[in-house]
Every structure is written in structure tokens, then in C-alpha cells.
Amino acid sequence: MFRQPCSVDPRGLRFSAIVTSAVLATVIVAPSPISEVLLVLQVAVFAVGVFLGPSATIHALIFARTIRPRLDDAVMLEDALPAQFAQGVGLAFTALGLVSLLAGLHIVGLVFVGGALLAALLNATTGFCLGCEFYLTTRRFAKHLA
Amino acid sequence: MVGLGVLAAVAALAGLISLLLAWRKGRFSRPSDGESREHVDVAALGVAAGDRATLVQFSSAFCAPCRTTRVILAEVETLVPGVSVADVDAESHLELVRELHILRTPTVLILDAEGFVVTRASGAPTRDQVLATLAAHL
């Protein structure tokens, strides 16, 4: 499998996680239809992150335009691939949450969104990337199946 | 209000997990004993085993904490006689990763002079954590 080496500024990922946490927290407490609309937007952001890369999301673009110019050059860059995979994990949780909410399964929907929020919060506060941790595990699996 | 309840639960969980992660980070496990010890063929990695210990670090590309760990282990190598360091790229040694149950990078294994795994730490250890562990077990 050919892999394009692609790196991202980890501070941009952190910024995305902070915004995502705020959005998901709002989704959990806001009334319908605000919560569903916000959730649809978040699912769209994750989808862009997975299929076009984390640097293509609106969060990344805002970071690049308004925040990064004020910061020193990044000391080290991070491989985009695990972060992309993590976006996929976020996409899965929020999409399942959205479907549940739309189907009237309120609590189930909140639990899924809560799961996505947990991952985003951990990433925003400690820089820990849950999806990235799974990435190595899946690479082991992929090799095994190949 | 269900929403607030879920939010509170998530916040509490996030707090607990952060504490757990911080506690575990770079902490070396209890030394394994006799039968259950794993063995690493250091020579196969292209590195000369240390007389006292070999520090084997599993890394992946562009992993920021791996870079930090590499620097720390290199420093330990100069500070402590008889210690050698090996850096292994996890993705090109997946069989080894599976055999040794490496789940994340960086993971540092401390091997004794015969190549048996004495202890391991996942997440970047501090220099003092490595030095203290070496002193305690080898």
C-alpha cells in the first residue's frame, strides 16, 4: 500500500480537538434541533478529516490562517496518518450518535457523542490521541491479513 | 437533565483517564521472573548487546515522544557504562511487535546482558526513571 508521507503541526490538531470538544459538549446539552444541526456539521468535519486529511478541515484552515502565524515554527511535525485514522474513529462515533438521535434513541445517541467527546477532551487536554493508539494495533492486524 | 449527566460523566472519566495516563507514562513495570521472561535477539537488530544492559526502544515515524525518548536513552548510554541502545521501527518489525506485545510507541524494553526482558515502559520515560530502574534491577 503506497503511503504518501504527510506531516501536520500537532498544535493544529490540538486546536481542532479543543473546538471539537466545545461543539460536542454543546451537542450533548443543547435542545433539538440545535444539537442535531451541530452534530451534522461535526460529522462533516470528521469526514473531511478522514478522506482529505486533517489539514483540510475548517479547523485546520482557521488555525493556519489566524493562529499559526503568531506562533514560532513548529519544533516537530507529526505523521498525519494516525491522526487521520483518529478522525475516522471520531466519524464513526458521531455518525452513530447522529443516526441514534434521529431515530429517537436519545440516550444511546448521547452515549455515542459522549464517547467522541471523551476522545476529543483527552486529546485537547493531554494531547493523548486515542485513535492514534489504535493505529499501531490495526497496522499489526493489516500485516497479519496481508 | 440527561445531557448534563452525560457531560458530567464524560468530564469525570476524562479526568480519571488523564490521571491514569500521567501515572503510567514512562513507568517501568515490575520485573518479570524466570519462566515468563521474553527474549530479544539483539544481534539480529544489528546492535551489539551491552555488557550490563541493552535498552530497546520501539518507535514509529514522526512520533514526537519517541524523539524525546531517543535523546534520553542516548544520554543514559553515555552516563552508564555497559549499556547499549537499540532503536527499532515498529512498522518494519511487526512480527517482533506482536511477539513482544508492543501496543504503543514509544515502548522501552530493558534487557539484561543475556537479552532477557527485565522490565518495560510505554510512553516516554524521564532520564531519572531510566537511571533509577537500571540501578534497581541490574
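Visitor: What conventions apply here?

Guide: This is a predicted model, where local features need pLDDT of at least 70, side-chain atom pairs count only at pLDDT 80 or more, and totals for chains, interfaces and linings use all residues. Residues are numbered from 1 along each chain as its sequence is written, chains are lettered from A and ligands numbered from 1 in the order in which they are written, and side-chain values use heavy atoms, with hydrogens and water left out.

Visitor: Which secondary structure elements does chain B have, and in what order do they run?

Guide: Helices (H or I, at least four residues) and strands (E, at least two) are DSSP runs, numbered from the N terminus. Chain B has four helices and four strands, in the order α-β-α-β-α-β-β-α from the N terminus. The C-alpha trace of chain B spans about 65 × 35 × 30 Å along its principal axes.

Visitor: How is burial read, and what percentage of chain B is buried?

Guide: Buried means under 20% relative accessible area, exposed over 50%, and partly exposed in between, with a 1.4 Å probe and protein chains only. In chain B, 42% of the 138 residues count as buried. Contact means heavy atoms within 4.5 Å. Among contacts in chain B between residues at least 6 apart in sequence, 74% join residues at least 24 apart.

Visitor: What does Thr69(B) touch?

Guide: Thr69(B) lies in helix α2 of chain B and counts as buried, because its relative accessibility is 0%. Leaving aside residues up to four places away in sequence, Thr69(B) touches Gln57(B), Pro106(B), Val108(B), Ala124(B) and Pro125(B).

Visitor: How is the length of a helix checked?

Guide: The expected span of a helix is 1.5 Å times one less than its number of residues. Helix α1 (residues 10-29) of chain A has 20 residues and should span 28 Å, and its end C-alpha atoms are 29 Å apart, which agrees. Helix α4 (residues 80-102) of chain A has 23 residues and reaches 32 Å, close to the expected 33 Å. Among the buried residues of α4(A) are Gly90(A), Leu91(A), Thr94(A), Leu98(A) and Leu101(A).

Visitor: At what angle do α2(A) and α4(A) pack?

Guide: Axes are lines fitted to C-alpha atoms, for helices over the stretch in contact, and angles run from 0 to 180 degrees between N-to-C directions. Angles under 35 degrees count as roughly parallel, over 145 as roughly antiparallel, 65 to 115 as roughly perpendicular and the rest as oblique. Helix α2 (residues 34-52) of chain A and α4(A) have axes 8 Å apart and an angle of about 150°, so α2(A) and α4(A) are roughly antiparallel.

Visitor: How does the packing of α2(B) with α4(B) read?

Guide: The axes of helix α2 (residues 64-79) of chain B and helix α4 (residues 127-137) of chain B come within 9 Å and cross at roughly 45°. That makes α2(B) oblique to α4(B). On the α2(B) side, Ile72(B), Leu73(B), Glu75(B), Val76(B) and Leu79(B) meet Arg127(B), Val130(B), Leu131(B) and Leu134(B) of α4(B).

Visitor: Which backbone features stand out?

Guide: Most residues other than glycine have a negative phi, and most peptide bonds are trans. The bond from Ser32(A) to Pro33(A) is cis, with omega near 0°, and Pro33(A) lies in the loop between α1 and α2 of chain A. Another cis peptide bond joins Thr105(B) and Pro106(B), with omega about 0°. Pro106(B) is in the loop between α3 (94-99) and β3 (107-112) of chain B. His101(B) is placed in the loop between α3 and β3 of chain B, and has a positive phi near 55°.
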